[in-house]
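User: Please go through the terms used for this model with me, and set each value against its definition.

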Amino acid sequence: SNELRHCSLEDQEDCVLSEAELVTTMRWYLDMGEFNPSKIIVRETDDERFQDWTSTFHLAAEKGMLEVLRFLVYECRGLQPLHTRTPGGNNAYAHADRALKKKMADADLTDNQKKREKAKYNEVLSFLRGIGLSIRPWRDLASNDEDDMSNSEEASDFDYDEIYDEDYMQEQEQESP
(Lines give C-alpha, C1' and ligand atoms only; values in the text may rest on other atoms or scores of the structure.)
Protein backbone atom coordinates (compact mmCIF):
# COMPACT_ATOMS: atom_id res chain seq x y z
CA SER A 1 0.00 0.00 0.00
CA ASN A 2 1.04 3.60 -0.45
CA GLU A 3 1.00 4.15 3.33
CA LEU A 4 3.56 1.37 3.90
CA ARG A 5 6.02 2.97 1.47
CA HIS A 6 5.91 6.17 3.51
CA CYS A 7 6.15 4.53 6.95
CA SER A 8 8.41 6.68 9.15
CA LEU A 9 9.45 3.71 11.34
CA GLU A 10 8.43 5.67 14.41
CA ASP A 11 5.83 4.88 17.02
CA GLN A 12 2.95 7.21 17.89
CA GLU A 13 5.21 9.26 20.17
CA ASP A 14 7.74 9.84 17.33
CA CYS A 15 10.25 7.43 18.90
CA VAL A 16 12.25 5.30 16.47
CA LEU A 17 11.19 1.66 16.61
CA SER A 18 13.54 -0.83 18.24
CA GLU A 19 14.75 -3.69 16.08
CA ALA A 20 12.28 -6.05 17.78
CA GLU A 21 9.43 -3.59 17.17
CA LEU A 22 10.50 -3.26 13.55
CA VAL A 23 10.38 -7.05 13.11
CA THR A 24 6.92 -7.13 14.71
CA THR A 25 5.77 -4.43 12.29
CA MET A 26 7.31 -6.20 9.29
CA ARG A 27 5.65 -9.47 10.36
CA TRP A 28 2.30 -7.70 10.64
CA TYR A 29 2.63 -6.23 7.14
CA LEU A 30 3.81 -9.60 5.79
CA ASP A 31 0.73 -11.29 7.27
CA MET A 32 -1.46 -8.66 5.58
CA GLY A 33 0.27 -9.30 2.26
CA GLU A 34 1.62 -5.74 2.15
CA PHE A 35 5.33 -6.46 2.67
CA ASN A 36 7.52 -7.55 -0.21
CA PRO A 37 11.09 -7.88 1.09
CA SER A 38 12.59 -8.48 -2.34
CA LYS A 39 11.44 -5.10 -3.69
CA ILE A 40 14.41 -2.94 -4.53
CA ILE A 41 14.99 0.49 -3.02
CA VAL A 42 16.47 3.05 -5.39
CA ARG A 43 18.93 5.48 -3.83
CA GLU A 44 19.49 8.93 -5.23
CA THR A 45 22.83 9.32 -6.98
CA ASP A 46 24.58 12.16 -8.77
CA ASP A 47 25.95 9.81 -11.42
CA GLU A 48 23.40 9.60 -14.21
CA ARG A 49 25.10 6.57 -15.80
CA PHE A 50 23.56 4.23 -13.25
CA GLN A 51 21.05 4.06 -10.47
CA ASP A 52 22.22 2.81 -7.11
CA TRP A 53 19.79 0.40 -5.49
CA THR A 54 19.55 -1.90 -2.53
CA SER A 55 17.00 -4.09 -0.75
CA THR A 56 15.65 -4.59 2.75
CA PHE A 57 18.07 -7.52 3.19
CA HIS A 58 21.13 -5.47 2.20
CA LEU A 59 20.07 -2.53 4.39
CA ALA A 60 19.54 -4.79 7.41
CA ALA A 61 23.02 -6.26 6.91
CA GLU A 62 24.53 -2.79 6.49
CA LYS A 63 22.90 -1.61 9.72
CA GLY A 64 23.89 -4.75 11.66
CA MET A 65 20.28 -5.77 12.31
CA LEU A 66 20.52 -9.48 13.10
CA GLU A 67 16.87 -9.83 14.21
CA VAL A 68 15.66 -8.33 10.93
CA LEU A 69 17.98 -10.59 8.92
CA ARG A 70 16.73 -13.66 10.77
CA PHE A 71 13.13 -12.62 10.12
CA LEU A 72 13.83 -12.11 6.41
CA VAL A 73 15.62 -15.44 6.09
CA TYR A 74 13.34 -17.65 8.15
CA GLU A 75 9.92 -16.02 7.91
CA CYS A 76 10.09 -14.60 4.40
CA ARG A 77 11.23 -17.90 2.89
CA GLY A 78 11.13 -17.71 -0.87
CA LEU A 79 10.30 -14.00 -0.85
CA GLN A 80 13.78 -12.80 0.05
CA PRO A 81 16.47 -13.64 -2.52
CA LEU A 82 19.44 -14.14 -0.21
CA HIS A 83 22.13 -14.15 -2.87
CA THR A 84 21.13 -10.94 -4.64
CA ARG A 85 23.91 -8.45 -5.25
CA THR A 86 23.63 -4.68 -5.47
CA PRO A 87 25.45 -2.71 -8.20
CA GLY A 88 29.15 -3.50 -8.06
CA GLY A 89 28.43 -7.14 -7.25
CA ASN A 90 28.04 -6.73 -3.47
CA ASN A 91 25.99 -9.18 -1.44
CA ALA A 92 24.64 -8.61 2.08
CA TYR A 93 27.89 -9.93 3.61
CA ALA A 94 29.91 -7.28 1.75
CA HIS A 95 27.49 -4.58 2.94
CA ALA A 96 27.84 -5.65 6.59
CA ASP A 97 31.63 -6.05 6.35
CA ARG A 98 32.04 -2.58 4.81
CA ALA A 99 29.78 -1.03 7.47
CA LEU A 100 31.89 -2.64 10.23
CA LYS A 101 35.09 -1.31 8.69
CA LYS A 102 33.59 2.18 8.55
CA LYS A 103 32.59 1.95 12.22
CA MET A 104 36.09 0.83 13.22
CA ALA A 105 37.60 3.79 11.33
CA ASP A 106 35.15 6.33 12.81
CA ALA A 107 37.19 8.72 14.98
CA ASP A 108 33.99 9.92 16.71
CA LEU A 109 33.28 6.50 18.27
CA THR A 110 34.82 5.61 21.62
CA ASP A 111 36.71 2.34 22.10
CA ASN A 112 33.72 0.91 24.01
CA GLN A 113 31.33 1.89 21.21
CA LYS A 114 33.64 0.27 18.68
CA LYS A 115 33.74 -2.93 20.77
CA ARG A 116 29.93 -3.05 20.86
CA GLU A 117 29.69 -2.41 17.12
CA LYS A 118 32.32 -5.06 16.38
CA ALA A 119 30.46 -7.65 18.48
CA LYS A 120 27.15 -6.78 16.80
CA TYR A 121 28.55 -6.95 13.27
CA ASN A 122 30.55 -10.11 13.97
CA GLU A 123 27.27 -11.84 14.85
CA VAL A 124 25.73 -10.57 11.62
CA LEU A 125 28.72 -11.66 9.54
CA SER A 126 28.71 -15.09 11.19
CA PHE A 127 24.99 -15.47 10.46
CA LEU A 128 25.44 -14.45 6.82
CA ARG A 129 28.33 -16.90 6.38
CA GLY A 130 26.18 -19.56 8.04
CA ILE A 131 23.42 -19.19 5.46
CA GLY A 132 25.95 -19.63 2.68
CA LEU A 133 26.75 -16.13 1.48
CA SER A 134 30.07 -15.57 -0.24
CA ILE A 135 32.58 -13.60 1.85
CA ARG A 136 33.84 -11.54 -1.08
CA PRO A 137 35.09 -8.11 -0.04
CA TRP A 138 33.34 -4.87 -1.07
CA ARG A 139 33.69 -3.94 -4.72
CA ASP A 140 33.08 -0.49 -6.14
CA LEU A 141 30.93 -0.30 -9.25
CA ALA A 142 33.55 1.55 -11.29
CA SER A 143 36.23 -1.10 -10.74
CA ASN A 144 34.22 -4.14 -11.79
CA ASP A 145 34.21 -6.10 -14.99
CA GLU A 146 31.11 -7.54 -16.64
CA ASP A 147 31.18 -10.76 -14.59
CA ASP A 148 30.58 -8.76 -11.41
CA MET A 149 27.47 -7.06 -12.76
CA SER A 150 25.35 -10.18 -12.29
CA ASN A 151 22.73 -9.51 -9.64
CA SER A 152 22.77 -12.95 -8.07
CA GLU A 153 25.43 -15.28 -6.81
CA GLU A 154 26.06 -18.73 -8.14
CA ALA A 155 23.21 -20.26 -6.14
CA SER A 156 20.57 -21.30 -8.65
CA ASP A 157 20.11 -24.53 -6.70
CA PHE A 158 19.83 -22.73 -3.36
CA ASP A 159 17.63 -24.68 -0.95
CA TYR A 160 15.98 -22.78 1.89
CA ASP A 161 15.49 -26.05 3.75
CA GLU A 162 19.27 -26.25 4.22
CA ILE A 163 19.20 -23.13 6.40
CA TYR A 164 15.87 -23.71 8.13
CA ASP A 165 16.26 -22.96 11.83
CA GLU A 166 13.81 -25.05 13.84
CA ASP A 167 14.72 -23.31 17.12
CA TYR A 168 14.06 -19.86 15.64
CA MET A 169 10.67 -20.90 14.29
CA GLN A 170 9.69 -22.48 17.63
CA GLU A 171 10.70 -19.26 19.46
CA GLN A 172 8.47 -17.22 17.14
CA GLU A 173 5.50 -19.57 17.65
CA GLN A 174 5.90 -19.33 21.45
CA GLU A 175 6.03 -15.51 21.31
CA SER A 176 2.91 -15.22 19.14
CA PRO A 177 -0.27 -14.36 21.04
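User: Why is H58 called buried?

Analyst: H58 has a relative accessible area of 0%. Buried means under 20% relative accessible area, exposed over 50% and partly exposed in between, with a 1.4 Å probe and protein chains only. H58 therefore counts as buried. The model is a predicted one, in which local features need pLDDT of at least 70 and side-chain atom pairs count only at pLDDT 80 or more, while totals for chains, interfaces and linings use all residues. Residues are numbered from 1 along each chain as its sequence is written, and side-chain values use heavy atoms, with hydrogens and water left out.

User: In which helix is H58 found, and with what is it in contact, leaving aside its neighbours within four places in sequence?

Analyst: H58 belongs to helix α3; helices are DSSP runs (H or I, at least four residues) and strands are runs of E of at least two, numbered from the N terminus. With contact defined as heavy atoms within 4.5 Å, and leaving aside neighbours within four places in sequence, H58 touches T84, R85, T86, N90, N91, A92 and H95.

User: What makes T86 buried, and where does T86 lie?

Analyst: The relative accessibility of T86 is 2%, so T86 counts as buried. T86 sits in the loop between α4 (66-74) and α5 (92-105).

User: What joins the side chains of T86 and H95?

Analyst: A polar contact of 2.8 Å links these two side chains. The term requires a pair of N or O atoms within 3.5 Å; within protein, one must be able to donate a hydrogen and the other to accept it, and residues adjacent in sequence count only if both atoms are side-chain atoms.

User: How many residues of α4 are buried, and which are they?

Analyst: Seven of the nine residues of α4 are buried, and the helix is mostly covered. The buried residues are L66, V68, L69, F71, L72, V73 and Y74. For F71 the relative accessibility is 0%, so this residue counts as buried.

User: What makes up the largest nonpolar core?

Analyst: A nonpolar core is a set of buried Ala, Val, Leu, Ile, Met, Phe, Trp, Tyr and Cys residues joined through side-chain atoms within 4.5 Å. The largest one has 31 residues, and F57 and L128 have the most contacts inside it. Two or more residues each come from α2 (19-32), α3 (56-62), α4, α5 and α6 (111-130). The largest share, seven residues, is given by α4.

User: How are α5 and α6 oriented to each other, and why?

Analyst: Their axes come within 10 Å and cross at roughly 170 degrees. Axes are lines fitted to C-alpha atoms, for helices over the stretch in contact, and angles run from 0 to 180 degrees between N-to-C directions. Angles under 35 degrees count as roughly parallel, over 145 as roughly antiparallel, 65 to 115 as roughly perpendicular and the rest as oblique. The pair α5 and α6 is therefore roughly antiparallel.

User: How are α4 and α6 oriented to each other, and why?

Analyst: α4 and α6 pack at an angle of about 15 degrees, with axes 10 Å apart, and they are therefore roughly parallel to each other. The contact is made by L66, L69, R70, V73 and Y74 of α4 and E123, V124, F127 and L128 of α6.
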